[in-house]
Amino acid sequence: MFSKGTKRKFSDGGEEISDESLLGARVASSYSLQRQSLLDMSLIKLQLCHMLVEPNLCRSVLIANTVRQIQEEMTHDGSWHMVTEAFCSAGQSPSERLVATEVLCRSREQDAEPKLFSVISYEGCREEEVVADETLCSVSVSDTVSNVCLAGRMGQCWEKSELSGVERDEEALEDSRLGSGEDEEIDTEDGASTESPKTIGQVFGTFEIKNGSPGPDSALEELFSDVDTSYYDLDTMLTGMQSAPKMGPYDLLDSLAPSHSSPSIVSTPNCRSDLNELDHIMEIIVGS
Amino acid sequence: NCAIMASLYLSGWVCVRLSPSASHTGCSASDIISTVEFNCSGELLATGDKGGRVVIFQREQESKNRLLSRGEYNVYSTFQSHEPEFDYLKSLEIEEKINKIRWLPQQNAAHFLLSANDKTIKLWKISERDKRAEGYNLKDEDGRLRDQFRITTLRVPVLMPMDLMVEASPRRIFANAHTYHINSISVNSDYETYLSADDLRINLWHLEITDRSFNIVDIKPANMEELTEVITAAECHPHQCNAFVYSSSKGTIRLCDMRAAALCDRHSKFFEEPEDPSSRSFFSEIISSISDVKFSHSGRYMMTRDYLSVKVWDLNMENRPVETYQVHEYLRSKLCSLYENDCIFDKFECCWNGSDSAIMTGSYNNFFRMFDRNTRRDITLEASRENSKPRAMLKPRKVCTGGKRKKDEISVDSLDFNKKILHTAWHPKENVIAVAATNNLYIFQDKIN
């Protein structure tokens with residue numbers, strides 16, 4: 001990338017240093033641009049599904065793992081945090097707010113199956129709609145409702161629901177979640193993704209008729225053992241910043257995780273271009 | 001001469017069969033060959049295609065009159081193995097594409113093979129009929145019943161020769177055992193059982209029993225959202241009927257012993273090469289995903305194919321392969337484009353030669369590669385109509401990775417990524433290879449023969 005190292009001359013010390021750091025910054029931003037485009041590409045791939053023929057599970061798993069890797073890296077170096085913070089300023093309308101969450105469903109009922117996945121969702125649904133039915137993620141009707149914000153396609157995309165009622169629920173979620181969509185990009189996405197939300201949501205049909213029986217408690221421990229708590233911290237931080245009084249999912253989150261202290265408020269820069277770009281991504285994921 | 005024999009398959013290959021023989025102006029998608037497999041003697045070669053058809057080629061017998069004809073393969077039998085199905089419950093089509101064909105060892109005059117699409121495995125019997133009975137009492141030659149009062153004497157029907165007819169009939173249908181797509185089938189060395197593997201499960205079947213199968217591996221997580229790894233290939237050990245291996249999308253291989261437990265979720269051996277941290281990228285996992293695993297004929301080694309390389313493992317050493325061969329390392333800098341056009345998900349197969357001294361695998365631009373394990377030499381050949389005139393020897397090809405391109409070299413950017421060789425097979429005893437290039441089947445043999 002550089003033909004040779006830039007020498008620091010004593011007389012031009014200040015300029016040379018800033019050149020170096022500028023080059024470094026350029027490299028870094030080029031890397032994050034590449035990373036961003038890779039993320040976009042991966043999300044589009046996840047969205048596309050074959051209408052008649054089942055999608056290739058191996059390919060889907062590999063792409064989803066790639067998205068997860070990018071997400072994790074972006075979270076660790078703070079760019080994900082910055083991007084999501086952009087939406088949490090008071091001026092944003094609820095429908096455009098964006099939250100990255102990892103929801104831990106420690107349901108106290110014994111028969112409920114815990115769900116663990118990383119979702120990217122539009123917050124802004126009414127409380128009752130955000131609380132997703134367990135059946136949206138599995139086909140077992142008997143499971144109790146867990147408090148999950150469901151828009152993350154990556155998370156719940158493996159299961160293909162077979163209940164028509166479930167599909168209606170999902171569509172309702174989709175409609176309420178996306179608000180007015182005044183952004184042109186969003187409209188384009190609406191037009192582009194002509195498949196019904198249920199199809200996009202069910203990208204990776206697994207065609208299991210019977211849901212696996214909930215495992216014993218030791219299985220629960222295993223499920224929780226590899227929880228990435230950095231996501232959770234992010235979530236509670238963002239939770240604390242919500243100014244709207246009626247925050248259904250976040251109230252639930254708070255009740256689920258009393259151990260986490262309330263986060264500090266972080267100031268949010270106004271990144272309009274990032275906002276549009278992120279809207280674009282979110283539209284892909286949510287599949288409006 | 002040892003030296004000549006050792007380098008034989010690296011220098012002198014000629015095309016003995018190109019099928020279909022006439023070049024088609026348009027290639028129908030259903031003609032794309034999806035699997036190629038020699039039988040245990042090498043006399044028969046089966047191909048399966050995307051349209052659910054199986055075509056079997058038979059080797060010409062050696063004859064004194066036509067010395068040069070030995071080695072030619074001609075069509076022996078063609079039949080429709082699988083039809084497209086529609087799963088009404090899930091509103092999905094089940095493709096008729098044949099994913100794998102495996103031959104059973106021959107035990108009588110008939111030949112048996114297993115063919116599998118995404119969901120169903122079928123056992124086919126291929127038998128010859130070259131005689132027919134004549135001189136029936138109750139019916140005449142046209143098959144019409146004779147008037148009873150005309151029958152005055154009894155005669156014994158006589159077998160008369162007729163034109164050879166090859167019949168394929170389905171003897172068993174093993175269905176409804178796989179929720180996910182079948183990627184592998186493998187006949188056990190006990191010749192009584194076989195395994196079938198899909199993305200998340202492996203089942204063990206008895207060849208005689210179609211309404212039951214044993215699930216021996218299940219990696220489906222209780223919560224599908226946690227799914228991060230799938231099974232990509234599985235194979236039975238060639239001699240130990242209790243052992244089998246399966247590979248994963250994370251580049252690992254597990255060897256399991258069926259004596260240890262009914263459910264082989266816990267492996268006996270776990271093969272994984274530690275990752276080189278300096279070459280880590282977002283594509284590392286994808287290119288480490290193993291697309292094929294094959295035991296050596298000896299049973300001591302196994303070979304795995306990932307996106308850029310072929311690795312030979314000693315079953316006694318789990319922490320790294322004993323040999324690694326780069327198939328097309330020049331693609332490493334193009335991974336992003338290959339991810340974009342989905343080529344990075346192509347599943348290449350690999351195969352051993354009969355003596356386990358050489359391995360072969362396919363690449364892009366209709367190239368395929370052979371590696372000599374003893375001399376460490378390798379060769380790149382191309383399966384194309386222009387280069388496959390009868391008796392014409394294949395010329396080695398070379399990909400130019402940078403700098404000045406020499407004559408006859410092809411640059412990386414000129415490679416045709418639509419022309420991929422995913423399926424190759426090597427005759428179990430001789431230097432005869434079958435290479436499937438989209439809808440064309442090439443059979444090459446070494447020129448000494």
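**Entry 1: B:Ser296**

I looked up B:Ser296 and found it in the loop of chain B that runs between strand S20 (292-295) and strand S21 (301-305). The model is a predicted one, and I read every value below as computed from it. Is B:Ser296 buried or exposed? Its relative accessibility is 1%, so I count it as buried, the cut-off being under 20%. Leaving out residues up to four places away in sequence, I list its contacts as B:Pro238, B:Tyr301, B:Met302, B:Trp352 and B:Asp356.

**Entry 2: the sheet beside that loop**

S20(B) and S21(B) run antiparallel and are joined by four bridges. Across this pair, B:Phe295 stands opposite B:Met302 of S21(B). B:Met302 is also among the residues that B:Ser296 touches.

Which strands make up the sheet, and in what order? I noted an open sheet of four strands in chain B, ordered S20-S21-S22-S23, with antiparallel pairing. Its edges are S20 and strand S23 (323-326) of chain B, each of which pairs on one side only. On average, neighbouring strands of this sheet are turned by 15 degrees against each other, with direction ignored.

**Entry 3: B:Ser247**

With a relative accessibility of 0%, B:Ser247 counts as buried. What does its side chain meet in a polar contact? I found the side chain of B:Thr232, at 2.8 Å. B:Thr232 is also in the contact list of B:Ser247, which includes B:Val230, B:Ile231, B:Ala233, B:Thr252 and B:Ile253, as well as B:Ile290 and B:Val293; residues up to four places away in sequence are not counted.

**Entry 4: chain B overall**

I recorded three helices and 32 strands for chain B. Of its 449 residues, 53% are buried. Taking contacts between residues at least 6 apart in sequence, I note that 55% join residues at least 24 apart. The chain exposes about 20900 Å², and 49% of that comes from carbon and sulfur atoms.

**Entry 5: helix H2 of chain A**

I turned to chain A for helix H2 (residues 57-76), which has 20 residues. From first C-alpha to last it reaches 28 Å, close to the 28 Å expected at 1.5 Å a residue. Why do I call H2(A) largely enclosed by the rest of the structure? Because 17 of its 20 residues are buried.

I also looked at both ends. At the start of H2(A), a side-chain oxygen of A:Asn56 comes to within 3.0 Å of the backbone nitrogen of A:Cys58. Just after the helix, A:Gly78 has a positive phi of about 85 degrees.

Note on methods
Residues are numbered from 1 along each chain as its sequence is written. Chains are lettered from A and ligands numbered from 1 in the order in which they are written. This is a predicted model: local features need pLDDT of at least 70, side-chain atom pairs count only at pLDDT 80 or more; totals for chains, interfaces and linings use all residues. Side-chain values use heavy atoms; hydrogens and water are left out. Helices (H or I, at least four residues) and strands (E, at least two) are DSSP runs, numbered from the N terminus. Buried means under 20% relative accessible area, exposed over 50%, partly exposed in between (1.4 Å probe, protein chains only). Contact means heavy atoms within 4.5 Å. The expected span of a helix is 1.5 Å times one less than its number of residues. A polar contact is a pair of N or O atoms within 3.5 Å; within protein, one must be able to donate a hydrogen and the other to accept it, and residues adjacent in sequence count only if both atoms are side-chain atoms. Accessible areas come from the Shrake-Rupley method with a 1.4 Å probe; for residues, only the protein chains shown count as cover. Two strands pair if DSSP finds at least two bridges between them. Axes are lines fitted to C-alpha atoms, for helices over the stretch in contact, and angles run from 0 to 180 degrees between N-to-C directions.
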